[in-house]
Amino acid sequence: METFLGLDYPTCWFLVVGGLFSGYAILDGFDFGAGAWHLFFKKEQSRRIALNAVGPVWDGNEVWLVIGGGALFAGFPVMYATLFSSLYVPFMLFLVFIIFRAIAIEFRGKEPMLWWRRLWDVCYSISSIMLAFLLGVVLGNVLQGIAIGPNFEYAGSGFFEFLNPYALMTGVTTLTLFMAHGAIYLLLKTEGRLFAKLTYLLKKGMIFFMVSFAITSLYTLLYIPHLSDDFKSNPALFIMPLLTFMSIANVPRLASKRNYKMAFFFSSLTVSLLMVLVAIELYPNLLFSTLDPKYSLDIYEAASSDKSLGIMLLFVAIGGPLVLGYTFFVYRTFRGKVQLDDHSY
Amino acid sequence: MDTELLARIQFAFTIAFHYIYPPLSIGIGLLMVFFESMFIKTKKEQYHILAKFWTKIFALTFGIGVVTGIVMEFEFGTNWATYSRYVGDVFGSALAAEGIFAFALESGFLGVLLFGWNRVKPWVHLLSTIGVFLGSMFSAIWIVVANSWQQTPAGYHIVGEGLNARAEITDFWAMVFNPSSVERIIHVWLGAFLAGAFLILSVHAYYILKGRYVAISKKAFKITLIVATITSLGQLVAGHASADGVAKNQPAKLAALEGHFETEAPADLYLFGWVDKEKQEVTGLAIPGGLSFLIDQNFETPVTGLNAFPEEDRPSQINAVFQFYHLMIAIGMFLIALSLYGCYLLWRKKLFQKRWLLWVFVFTALLPQIANQVGWFAAEMGRQPWVVYGLLRTDQAFSQAVSANQILFSLILFMLVYSLLFVLFVYLLNKKIKHGPYEESEEDDDNRPLTKEISQAVTG
C-alpha cells in the first residue's frame, strides 16, 4: 500500500475530504447563517446590506460543496453512492432549497415592488435555515449510522427514516452554530443600527447554540457508544474536545470585547474543530451500519485505487494553493463594510 | 413506471435543463473577454458598455448554471449508485479535476467580475473576466472527458466480478485523451460559442430593428457575426471529425445515427428521412453511398449496420436518434449559410438595411440551443443500452436502494422548481434586454432609422 508522510492513501484522502468539508462548513456556514437571520431585519436597507454582505462570495462558497462532493465521489465512490442513495430524500430537498436560495439572491433586487422583495426575502431566509438544518441532519445520520445491508446497499424502511431524534438534534445544533457564525460575519460587514441589532442577536444565537450543543453531546455520549470508542482507546485524543470547548468559549468573550475579527476566527476554528471531532469519531469508518457492524463501510472498502488516489493527491497539491489564492483575493477585494453601488443586488 | 425509467427521465430532464445555461455562459464569456480587452486597448466607452451589459446577462445564465449543476453532481450518487461505484475510480478523478481546476477558478473570480467594476483596476477586472471564462472552458474539458470515457473507455482495467466489479484507472492520460475526447471537447466548445454568439446577434439585431442603441449594436453585431461565422464553419470540421470517431469507435451508434441496417452494403447518406425499425427501412432523401464516402472517401465501402449487433446491444430508439442527429446537422448547415450570407451583406455594406434578415437573426438565437440539446440526445441515446459503452448497461446502473416513488417525488419537485426557474429566467432576460445597455438620451434619436413615411418624404 502506498503511503504519503507515513499515512496510507485512503487516510490521506480522508483528511482531504475532511478539510474540504470543513472549508465548506466555515464558508457556506456563515452565508447560510446570515440568511437564517434575514427576516429579523425589518428595513429594506438593512436587508439589502445583509444580502450584499454575502453577495460576492456565496457562489464561490458553494463551489466548496461541489469540490467536496467531487472529492468524495472520486476518492470514496462506494461511500458516495451508498450515502447519497440512502439519504435520497434529504439530499433532494437540499438541492431544491439550494436552488430556491440562489433564485432568491439573484432575483430579489430585480423588481422594486414590495411584495416581490418580501417574497424573495422569505424564500431566502427559509431556504438558508433549511439548508443548514439539512446539512446537520445528514451529519447526524452519518454519525449515528444508517441501515446498510449487504453489498453496501441501504436496507432501511424508507422515506422518513432520516428524520430521527438524533438527526433532528444535530440539525438544530448545526443551524444554531451557523447562525452564530453568520451573525459574526455580518457584524464585520455592517454599521449603525443593523450592527447594534446584530450584537443583540449574536448573544441569543450563542445561547441557543450552547444549549443545543450540550444536549446533543450528552445524547451522543449516552446513546451512540460507537462514536466514543476511539477516544476511550486513545485518551490523548481528549485534548480535541477540550480544545473545541475552549474555542467555543472564546467566541462570546471576544464578542463582548467587540473584537469581531478574532471572534470570527474562533467561530471558524470551532466549526473546523467540530469537524475534526466528527472525523476522529468516525475514522477508520465512514458509515456505520445500524443493522450489523459487519456491513459497516470503512475507508479502505470505500476507497478508489491507490493509483487514482495518488493522481488526485497530486491535483490537490497543485490546485489547493490556487483555490486558497482565489479565495483570499476575493475576500480581500470585498473586505470591510458593505458599500452598495449600482452593481449590487 | 419502473425505477430505471424514472431515473433516466429525471437525469435527462435535469441535464437538458442544465445544458441551456453553461453553453450560454461560455459563449457570452468569450465575447465579454473580447469586448473588455478592446475597451482596455482602445479606451472607447462603447466597448465598456458592451462588456458591462453582457456581464449582466452572463450573471443570470451563470447563476442558474451553477445551481442546476450541483443537482447533476448529486444525482450520480442518489440515482445512479451502482454506476457511481463502478466508475468512481475513473470518472471521479475527472470530476475532481473539474472541481479543483475549473469551478474554483470560475466561481472564485465571479464575485470580482460581477461586483468589482469599481473596486479593482481595469486590468485586474479583465484578468478576472478571463479567469471566469477560462474556468468555464476548463469545466467543459473535464466534463466532456468524463462523458467521452463513457463513450470510448480507455486507460482502465476491470477489478472484481458481478456486483463488485469496478473500473480502475491504469493510465490517467489515456483516460483523459480517450479516443473520442479531443474532438468532442472542440465540438462542445464550438456549440457553446454558437449559443452565446447567436444570442448576442439576436439581441443586437433586435435593438437595430427597434432603432435603439443603434451605433453600439452595429459594432457588437459586426464583431459577433465574424465570431459566429468562423465558429459555424469550424463546427463543420469538428462535427465531421466527431462523426468519424463514432464510425471508428462506436459502430452501433453510427448505424443508429444514420439509420443503416445492412453491414454488407455501402451506406447512403440521408439528408432527412423516417426510420421504420420493424421493416428496417428509411424513407427519405439520400445521397447513395454518401456515408461510405464520408467515412472512407469511397462510395462502395461497406459500413457496419445495426444487424451486425445482437438485438440487446443496439439502441432501442433508432428513429429518435436518427431524427435528433439530422436536426442538429440541418441547424448547423443553416447557421453556416446564414452567417456567411450575413458576412457577404456586411462586406457589401447592405446588412443593416435588410430588415427581414435582422428578424431572422432575432429568432435564430434558439437554433444553436436546439442543436446543442438534440446533439446530446443523439449522443446519449445512441450509446444505449450502455451507460459505459461495452462495459456497463444502463439497466444495471441505477440505485438499487431507491424506490420508484422516491424518484417520482423528486422528479415532480424538479419539474415544478425548474418551470418556475425557467419562467423567471425568461422574464428577467427579457427585462434586461428591454432595459438595454445604458440610459438612452436625446442624441441617440439621430441614429434611429426613419419611418417609411418620412424616408419617402425626404427622398421625394
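Four cavities of 30 Å³ or more are present in the structure, which is a predicted model in which local features need pLDDT of at least 70, side-chain atom pairs count only at pLDDT 80 or more, and totals for chains, interfaces and linings use all residues. A cavity here is a set of points, on a 1 Å grid over the protein atoms alone, where a 1.4 Å probe fits but cannot get out, and lining residues have an atom within 4 Å of a point. Residues are numbered from 1 along each chain as its sequence is written.

The largest cavity has a volume of about 140 Å³, taken as the space filled by probe spheres set on the points. Among its 15 lining residues, A:Gly60, A:Asn61, A:Thr327, B:Ser107 and B:Gly108 are the closest to the centre. Helices H3 (58-75) and H13 (306-333) of chain A and helix H4 (81-115) of chain B each give two or more residues to this lining, with the largest share, five residues, coming from H13(A). By class, the lining has 10 nonpolar, five polar and no charged residues; Gly counts as polar, and Asp, Glu, Lys and Arg as charged.

Turning to helix packing, H6 (residues 114-144) and H7 (residues 165-189) of chain A pack at about 135°, their axes 7 Å apart. Contact (heavy atoms within 4.5 Å) involves residues including A:Ile129 and A:Phe133 of H6(A) and A:Leu168 and A:Phe178 of H7(A). This contact has 12 nonpolar, seven polar and no charged residues.

Definitions and conventions: Chains are lettered from A and ligands numbered from 1 in the order in which they are written. Side-chain values use heavy atoms; hydrogens and water are left out. Axes are lines fitted to C-alpha atoms, for helices over the stretch in contact, and angles run from 0 to 180 degrees between N-to-C directions. Helices (H or I, at least four residues) and strands (E, at least two) are DSSP runs, numbered from the N terminus. On a 1 Å grid over the protein atoms alone, a cavity is a set of points where a 1.4 Å probe fits but cannot get out, and a pocket is an open set with protein on both sides within 12 Å along at least five of seven lines; lining residues have an atom within 4 Å of a point.
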